[in-house]
Amino acid sequence: MAAKVYFARLKNGSTPYEQAQKTKEIFDAAGAEKCISPGDFVAIKVHVGEKNNITHMHPEIARAVVEKVKENEGLPFLTETSTLYKGERENAIKHIMHAHRRGFGIDQVGAPFIMADGLAGNTEIEVEINGELNKTVKIAREIRLADAMVIISHPTGHMLTALGACIKNLGMGLASRMGKMRQHSSMKPTIKESKCRLCGKCIEWCPENIIEERGSSAFINSEKCIGCGECLAVCRFGAVEYNFGRDSVIVQKEMAEHAYGVIKGKEDKCFFINVLVNMTKDCDCLDKKQEKIISDIGILGSFDPVAIDKATLDLTAEANKRNLAEVSYGKLNAMHQLEHAARIGMGSLEYTLVEI
Ligand code: SF4
Ligand code: SF4
């Protein structure tokens with residue numbers, strides 16, 4: 001059966017206030033309140049953007065969703081996970097401080113910012129999915145404990161997955177560090193000798209005890225590495241490196257399977273919002289200012305994470321001839337993540353657009 005995707009149009013250059021108002025209208029028109037029962041812990045997934053990113057979703061939108069959740073007697077919290085790479089969001093402390101500075105603090109949006117994967121990104125839980133690539137996936141533990149979720153995604157292009165929208169926000173954005181490693185990395189981490197200060201942190205933290213001192217730096221015995229990413233997280237000197245260059249098709253499929261693990265068991269308790277404004281070639285994880293590549297379109301809302309991403313591609317194609325993924329990374333094909341997600345039962349590629 002075709003899913004419904006609700007659509008509120010916005011003019012190019014809309015203000016955060018207008019975006020927030022349209023978000024509330026979408027929430028009401030779709031009947032998103034049916035996901036929320038009184039007393040539910042409601043996780044609101046956001047992305048606050050890396051340090052120099054200025055095109056990420058605006059906190060006004062998060063505040064609008066917090067207000068809707070409270071109106072329906074839910075207990076909202078904003079949530080995120082730590083990144084694999086170094087930056088302002090690499091652990092809970094830096095991430096929460098950064099979110100606060102960005103306007104996602106409790107005083108600004110009316111709800112606490114709680115990291116779903118704990119202090120260092122390794123608070124996780126294994127979820128059975130019986131996918132094509134994975135029987136189980138590792139996701140951030142607190143998300144499992146939430147009763148309901150509202151996933152706010154800001155679609156962009158992506159250098160590895162072509163499109164970064166709802167499926168990516170779920171799969172990459174709410175996997176634990178090990179889950180992210182699983183998706184990202186076909187190669188194991190290595191240590192760059194010239195950057196290593198031999199502080200010993202990675203040696204201390206490696207769960208497999210396979211890092212040792214060798215000459216003037218630490219060294220990883222890659223054959224025994226399980227790819228957990230612990231060394232990457234604890235190194236403060238950027239000496240641990242690993243390859244993000246895994247084949248795009250596999251990464252997209254992995255991402256879809258992890259996304260499925262995030263919503264598994266909560267299929268009737270999730271509402272998805274895509275914010276089609278300030279869309280850029282690369283994702284908000286990049287530590288740089290980017291220009292928008294497609295005029296602002298509006299806000300989408302749906303109970304179906306596949307349909308909302310398909311509508312995102314279609315609406316951006318309508319506005320721009322080539323869709324957001326094609327205009328960003330034309331050599332990659334974003335349909336792999338959507339088709340795989342549909343195949344494993346996450347949602348539908350068929351949808352009806354309901355413009356409000
Ligand atoms: S990824 Fe994990 S297992 Fe591999 S070297 Fe780093 S800490 Fe050790
Ligand atoms: S944590 Fe980083 S700097 Fe310290 S020993 Fe390991 S690789 Fe070297």
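Mentor: Two residues of this predicted model are said to be in contact if their C-beta atoms, placed from the backbone, lie within 7 Å.

Trainee: Leaving aside its neighbours within four places in sequence, with which residues is Ile273 in contact?

Mentor: Ile273 belongs to the largest nonpolar core, where it is one of the six residues, with Ile44, Ala62, Val150, Ile152 and Ala259, that touch the most other members. Once neighbours within four places in sequence are left aside, its contacts are Thr23, Ile26, Val150, Ile151, Ile152, Ile299, Leu300 and Gly301.

Trainee: Which element gives the largest share of this core?

Mentor: The core in question has 90 residues, and apart from it lies another core, of 16 residues, which has Cys196, Cys231, Leu232 and Cys235 among its members. In the core of 90 residues, the largest share amounts to seven residues, and these come from H10.

Trainee: Which strands stand at the edges of the open sheet of eight strands?

Mentor: The pairing in this sheet is mixed, and the strands follow the order S4-S3-S2-S7-S14-S15-S1-S16, with a twist that averages 25 degrees from one strand to the next. An edge strand has a single partner, so one side of it is left without a neighbour in the sheet, and this holds for strand S4 (113-115) and strand S16 (351-355).

Trainee: Over how many bridges do S7 and S14 pair?

Mentor: Strand S7 covers residues 148-153 and strand S14 residues 270-276, and Ser153 stands opposite Asn274 in S14. Helix H2 (residues 59-71) packs on the sheet and touches both of these strands as well as S2 and S3, its direction making about 160 degrees with that of S7. The two strands S7 and S14 pair in the parallel sense, and the number of bridges is five.

Trainee: Which residues of H13 make the contact with H11?

Mentor: The crossing of the two helices H11 and H13 is left-handed, and the buried residues of H13 pack against strand S9, helix H6 and helix H10 as well as helix H11. Those buried residues are His336, Gln337, Leu338, His340 and Ala341. On the H11 side the contact is made by Val306, Asp309 and Lys310, and on the H13 side by Leu338, Ala341 and Ala342.

Notes:
Residues are numbered from 1 along each chain as its sequence is written. Chains are lettered from A and ligands numbered from 1 in the order in which they are written. This is a predicted model: local features need pLDDT of at least 70, side-chain atom pairs count only at pLDDT 80 or more; totals for chains, interfaces and linings use all residues. A residue is buried if 20 or more other C-beta atoms lie within 10 Å of its own, exposed if 12 or fewer, and partly exposed in between; C-beta atoms are placed from the backbone. Helices (H or I, at least four residues) and strands (E, at least two) are DSSP runs, numbered from the N terminus. Two residues are in contact if their C-beta atoms, placed from the backbone, lie within 7 Å. A nonpolar core is a set of buried Ala, Val, Leu, Ile, Met, Phe, Trp, Tyr and Cys residues joined through C-beta atoms within 7 Å. Two strands pair if DSSP finds at least two bridges between them. Axes are lines fitted to C-alpha atoms, for helices over the stretch in contact, and angles run from 0 to 180 degrees between N-to-C directions. A crossing is left-handed if the near helix is turned anticlockwise from the far one by less than a right angle, and right-handed if clockwise.
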